[in-house]
Number of protein chains: 4
Amino acid sequence: MRAGRADPFLNLPSLPSSPNPMAMTQPAPLPAAAWPDLAGRLVDGGHVLPVRVYYEDTDFSGVVYHASYLRFLERGRTDFLRLLGIGHAAMAAGAFGSARAFAVRTMTLDFRRPATIDDVLEVTTRRGDLSGARIVLDQTVTRKGEVLVTASVTVAVIDGAGRPCRLPAAIRERFG
Amino acid sequence: MRAGRADPFLNLPSLPSSPNPMAMTQPAPLPAAAWPDLAGRLVDGGHVLPVRVYYEDTDFSGVVYHASYLRFLERGRTDFLRLLGIGHAAMAAGAFGSARAFAVRTMTLDFRRPATIDDVLEVTTRRGDLSGARIVLDQTVTRKGEVLVTASVTVAVIDGAGRPCRLPAAIRERFG
Amino acid sequence: MRAGRADPFLNLPSLPSSPNPMAMTQPAPLPAAAWPDLAGRLVDGGHVLPVRVYYEDTDFSGVVYHASYLRFLERGRTDFLRLLGIGHAAMAAGAFGSARAFAVRTMTLDFRRPATIDDVLEVTTRRGDLSGARIVLDQTVTRKGEVLVTASVTVAVIDGAGRPCRLPAAIRERFG
Amino acid sequence: MRAGRADPFLNLPSLPSSPNPMAMTQPAPLPAAAWPDLAGRLVDGGHVLPVRVYYEDTDFSGVVYHASYLRFLERGRTDFLRLLGIGHAAMAAGAFGSARAFAVRTMTLDFRRPATIDDVLEVTTRRGDLSGARIVLDQTVTRKGEVLVTASVTVAVIDGAGRPCRLPAAIRERFG
């Protein structure tokens, strides 16, 4: 279930804006700060994103749950695209012709060593083969340079109806 | 990133339907079976849904991660609504006038005892107060009758633009 | 962060058992029911588990998030093992000699078609190759018999220190 | 199921270190970089952590799934503690006397407005009441200063058996 409601929300007397008395005691939020590295960094031929391991990523065996790495890998792909100027929201809104999105088609994963709570990991993403409708991205998750997980991910571009499309030229160019 | 693609997917010669050689070795799927209790059961004045604790729900402290209970609770609310004839997909498609959805507005949670891997839990959901635009749902997560978590959840009905709406009469009636 | 506390919790006057006034209004939990199909069913040469798609499994593109399938696949593997008499908790507790666990070593995934909210999926798991320390499991996610996702998963048995072990004979036998 | 295996992993000839041919094609990982703001920042009387909204955090309604905020809130609490010198791993290892952990006991949540894909959110955490065995943390999730979610979270300190404990003096001092 989604959370919250959209703006505006002004004229509904039966729904006061702070129905929860607890909310009254909340401190004023801090002013928004600048976070220069939030999307990681472009590096020679690719991109690197730091990822912290939190409780949510672990399981009762004491280490990171295997599916959590897929979330880390996607954050890396997303921020690589972001720094190339290819935003998910912009793609959906038609910035590259008409509505477009990326869909994962295949993945091959090799889990070599486990990560644990509080670890700082780095997700490195590099472009592999690029065909008419698909991009292969080669990714690693490392900790202080040691490889924990490798992945090869094939993504396709799809239209608003979910049908595969040719890669828009502008996207192809940004991948060099 | 979404997975897979929509139907149909017939006329793209460069994208064979099984590009992954591994897929060739997959066994034929089994025929779809009937699962009578998959959405739990309506009981006197409410609904009960069984939930198994899997690896995905635990964290490195050895027990269930606190936010996992919110997923369990929502499964219970969703299946309560389902058995009352109020499906999320149908609501979004306009089955109750025009596009409608439920949004969580407030939650109060009391975590009393932990659950662990392999546990079978039961999520019980009962209707609390019902006002013009909101429904309160009182929920418990139990294990063999012992209460582990209690929750009081206020949900609002919103329209396609995210604005709060009056409860459709048909929904109000189904809640009795 | 874990939720709740362990038993017993009797002798701490400063921590009343229901510190949250909301909790007072919770209805008594329903008696525990029997859920015969909760772990799916063994079928000829394998196992099938039904999985409902909930809000938690979807993403803003409108369909199931790709990593959610890994959670579904693991539920299938876990319940296959469960019905073969190989429980995660029991393995960890030394039921097969000393502490043992399964760890995912490699996965190959093919995402063919998307699933959506409210879908009932079936996860089918069959044993593939079995070597000294590894088991290959071939899995599919289907909807009414249509294949959405295929996966080949290699799992290894590890000891309490995370080191790979020979498959215990009792586990090997149960896999036939 | 956990992923990967622990070190060392040297003497098992049947388990080569890169059994997956795909792995051969992986590029060398990049050298570990410095990420100064990864744990957010201490600010007057509290802590602020930036959080990016990714696909994994959204649901099919198009906005952030309500339970995702609990993950964001915990990241904020965890990094607040981290910058105060109170690490989860260190607590578990006995840095404050003997094994200690934090457990969530109660939460009150008010979901006011939705967040969407690509948003940059800020999780602000401030200390509320501090009693013998409990700490109240007041948290907000904001976007460019606008409050989306408020939460009041009571956490307890527990020992290795899950029993509640007095707050260690060293932890109490760090919270000022």
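**Chain architecture, nonpolar core and local backbone features**

Chain A comprises four helices and eight strands. The model described here is predicted. Read from the N terminus, the elements of chain A follow the order β-α-β-β-α-α-β-β-β-β-β-α. Chain A has 176 residues, of which 49% are buried. Of the contacts in chain A between residues at least 6 apart in sequence, 65% link residues at least 24 apart.

The largest nonpolar core contains 168 residues. The residues with the most contacts inside this core include A:Val123, C:Val123 and D:Val123, together with Val155 of chains A, B, C and D.

A:Asp118 is not a glycine, yet its phi is positive, at about 80 degrees. This residue of chain A occupies the loop between strand 4 (100–111) and strand 5 (120–130). Because 17 other C-beta atoms lie within 10 Å, A:Asp118 is classed as partly exposed. In chain B, Asp118 likewise has a positive phi, near 80 degrees, and is located in the loop between strand 4 (100–111) and strand 5 (120–130) of that chain. B:Asp118 is partly exposed because it has 17 other C-beta atoms within 10 Å.

In chain D, Ala170 belongs to helix 4, which covers residues 169–174. D:Ala170 counts as exposed because it has 12 C-beta neighbours inside 10 Å. A separation of 69 residues in sequence lies between D:Ala170 and D:Ala101, and their C-alpha atoms are 14 Å apart in space.

Note on methods:
Residues are numbered from 1 along each chain as its sequence is written. Chains are lettered from A and ligands numbered from 1 in the order in which they are written. This is a predicted model: local features need pLDDT of at least 70, side-chain atom pairs count only at pLDDT 80 or more; totals for chains, interfaces and linings use all residues. A nonpolar core is a set of buried Ala, Val, Leu, Ile, Met, Phe, Trp, Tyr and Cys residues joined through C-beta atoms within 7 Å. A residue is buried if 20 or more other C-beta atoms lie within 10 Å of its own, exposed if 12 or fewer, and partly exposed in between; C-beta atoms are placed from the backbone. Helices (H or I, at least four residues) and strands (E, at least two) are DSSP runs, numbered from the N terminus. Two residues are in contact if their C-beta atoms, placed from the backbone, lie within 7 Å.
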